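Trainee: I'm new to reading protein models. Could you walk me through this one?

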Amino acid sequence: MDETRATHAGESAGESSADGQGCPKRRQCQRGRACKRLVDLECGETGRIECVDCERRTLESMGVRPGKRIEVCTKHPFDGPVVVSVGRSTVSLSRSHARQLDVVTD
Amino acid sequence: MAQSPTVLLMGHPNVGKSALFNRLAGASISESNYAGTTVEYTESQLALDDGTVPVVDVPGTFSLEPTDRAEAVAVEFLEDASDPIVVCVVDATRIERGLNLVLELLDRGHRAVVALNMWDEARQQGVDVDVEALSDLLGVPVVPTVATEGVGVDDLRSTLDRARPSSLSGIIDRLPPGVDGDLEGSVEGDDPAARWELVDAVVESAVTYRETAPSLADHLGRLTVAPKTGLPFAVAVLYGMWAFFTAVAGFFTDGYFVPLFDDHWLPWIQSVFPGEGGWLYFLLVGDPAATNSFEAFGVLTSGLFVAVGVVLPAILALYLVLALLEDSGYMARLAVLLDAAFHRIGLHGYAIVPMVLSFGCNVPGVAATRTLETDKQRFLTMTLLSVFIPCGAQLGVMLSLIPQYTGYILLYLLAGFFVFGAIINRLVPGSSPEVAVDIPPLRRPRPSNVSTKLSLRIRGFMTSAVPFVLAGVGVVNLLYLGGVVDWLATVLGPVLSGWFGVPSETVPALIAGFMRKDLAIAQLSAIPMTPFQTVMSVVMVSIYFPCVATFAMLIKEGRTGGGVLRVVGGALATLVAALFLWGGLLRLGGTLLGVA
């Protein structure tokens, strides 16, 4: 069980560093104060998306992109998905996606 | 006719392309409220004033860089068509992300028309689009539509000949002054950030958002996806579906068809059919002394009874609840609730879609695995569902024969699904990427769509399944006459009684299982067995070899899912292991409990 989880995490970590450059905007977001990873937001918290990991093109085409307002609807237990509402859509993101999204909270 | 340009319906998943296709072409393909309803293209003819043109419903894609098999089909289509007319179908309630794809398509130089679908919902949700301004800006015709109601479809048809290409730089030039000044440079090429900026600029000048209060469906939609409220609700929904299915199937089968076949049809055909004792009588009528239609086992007795009297009411009930599940938008919510559990077996929650469809019939279930991202996930899902998910026809016969055990058998098979899923996940190499899933709003299923879907599926059952049931009875009877059944019973007897504890008379059922699982289970009824042996043999038949239609589908899908040999070989290895281990475990449990 834990092994699988570790593989998932390992893959996603590898993905973002494999391209060598990472996300340029990502470094600007100094975590702390108002800027958090989406995964650290509580249910019902809202904010503005600061940066989406550059590899996540599909997320952007689903409308989850920098500058948009985001609200955490629910977080599922056991490392389950995080359901967010962005614009007029409701999207379910996996935990690893939620770790790669930086949000400036209100 | 000269080579007329193809009309391609393209857009994000679940924006109503199939609904629009049906209205445009007068076709009736499946429309549902979940992403990935259409996994294969469908072509039809669209009647215009000057003749007809081919029109294609393309699977939904979020961008032109495909992430799964169904999306790849969409992009291939676009690339292979020569100068197609692209109808970009956009969900007007989420116009921004729709426009992003529109710009991507325009950037590739395609002639396009934009259909702003779900126009009614957009108005209700406070999304006001200035259609004229948007059309002027984009440089292509824009038509508001409500595909499910047929609104705007005629307009769309008549604008097709005005489809034209448009350049992104042209759009930038047409932006009204003051709107987003920093869009100086060109957005040509593959720069998503710049394209999004252009989307924002277009939206700013053509769309206004009003604040609206969330509707009842919005609230309900949220509650059903939150774990605390959603899980009890899901249990209630699934149990309710099961209760409805069993009640309706039982009502028709036991109430009407059993008396009809047992009291009237069977005695009548036994007495009037000539040549009792001959091979033809054996083939078509079966046992002249049989008193119920399960046991007679002739093509015209058991064959007809199983197909029409037992399976038809069952799948009618099952397809009805499945249609409600598909159209309400609840399926995606189930996917989210079950996501964590599916992660343990290397899948994600959206694997629930092929799984749920498999309860109707394994064949569309296997096809629906195309929405999964990797070969590993497709292999896992295809194999597990063809081994462990009993189809509606099979469940119907089980309910008719052993109603008191059917629920438990189903739970035992589902447990097998997850146990073997976890094992295969460890053994099979490959990745299981994490996905983002779009959750559609909850919608009231439309009766007209539900009934179209039902009649489509029932027609499919009558034309493709019923002949197989009848032929299956015939084949088994021929093998009887040829002595093959007795020979196999002698050969397999030791394994059957030694490992599984069932009599060797179950061999004909195993043969019938190659053709149809429902038939195989019907055949078990004629064998004198203890209740445990019956349960045991039903579990065996369920796990054991997929029916021929599913097997053919595995071969077909294996080609695009990692190679036929790999997929079919892996599936066979799994089913042999599952049959002996999961079946053996059941017997062990039975022995320990003292019921075997």
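Trainee: What can I trust here, and how do the labels work?

Mentor: This is a predicted model, where local features need pLDDT of at least 70 and side-chain atom pairs count only at pLDDT 80 or more, while totals for chains, interfaces and linings use all residues. Residues are numbered from 1 along each chain as its sequence is written, and chains are lettered from A and ligands numbered from 1 in the order in which they are written.

Trainee: What span should helix α17 of chain B have?

Mentor: The expected span is 1.5 Å times one less than the number of residues. For the 14 residues of α17(B), residues 375–388, that gives 20 Å, and the end C-alpha atoms are 20 Å apart, which agrees.

Trainee: What about chain B as a whole: how many helices and strands does chain B have?

Mentor: Chain B has 26 helices and nine strands, and 51% of its 596 residues count as buried. Its C-alpha trace spans about 90 × 50 × 45 Å along the principal axes. For the radius of gyration, taken over C-alpha atoms, the globule rule is 2.2 Å times the number of residues to the power 0.38. A compact globule of 596 residues would come out near 25 Å, and chain B has 27 Å, which agrees.

Trainee: Which domains does the assignment give for chain B?

Mentor: Domain bounds come from an automatic or database domain assignment. Here you get domain 1 (7–209) and domain 2 (227–455 + 467–593). Their contact takes 16 residues from domain 1 of chain B and 21 residues from domain 2 of chain B; two residues are in contact if their C-beta atoms, placed from the backbone, lie within 7 Å. The centres of the two domains, taken over C-alpha atoms, are 40 Å apart.

Trainee: Is Lys17(B) buried or exposed?

Mentor: Lys17(B) counts as buried, because 30 C-beta neighbours sit inside 10 Å. You'll find Lys17(B) in helix α1 (residues 17–25) of chain B. Leaving out residues up to four places away in sequence, its contacts include Asp57(B) and Val89(B).

Trainee: And how many residues does each chain give where A and B meet?

Mentor: Chain A gives 32 residues and chain B gives 28. Strands pair if DSSP finds at least two bridges between them. β5(A) and β9(B), residues 437–439, pair in the antiparallel sense over three bridges; one bridge joins Val91(A) to Asp438(B).

Trainee: Last one: which residues have a positive phi without being glycine?

Mentor: One of them is Asp79(A), with phi of about 60°. Asp79(A) is in the loop between β3 and β4 (82–86) of chain A and is partly exposed, with 18 other C-beta atoms within 10 Å. Another is Phe297(B), with phi near 55°. Phe297(B) lies in the loop between α12 (293–296) and α13 (299–328) of chain B, and this residue is buried, with 28 other C-beta atoms within 10 Å.

Technical notes. Helix = DSSP H or I, 4+ residues; strand = E, 2+ residues; numbered from the N terminus. Buried ≥ 20, exposed ≤ 12 C-beta atoms within 10 Å, placed from the backbone.
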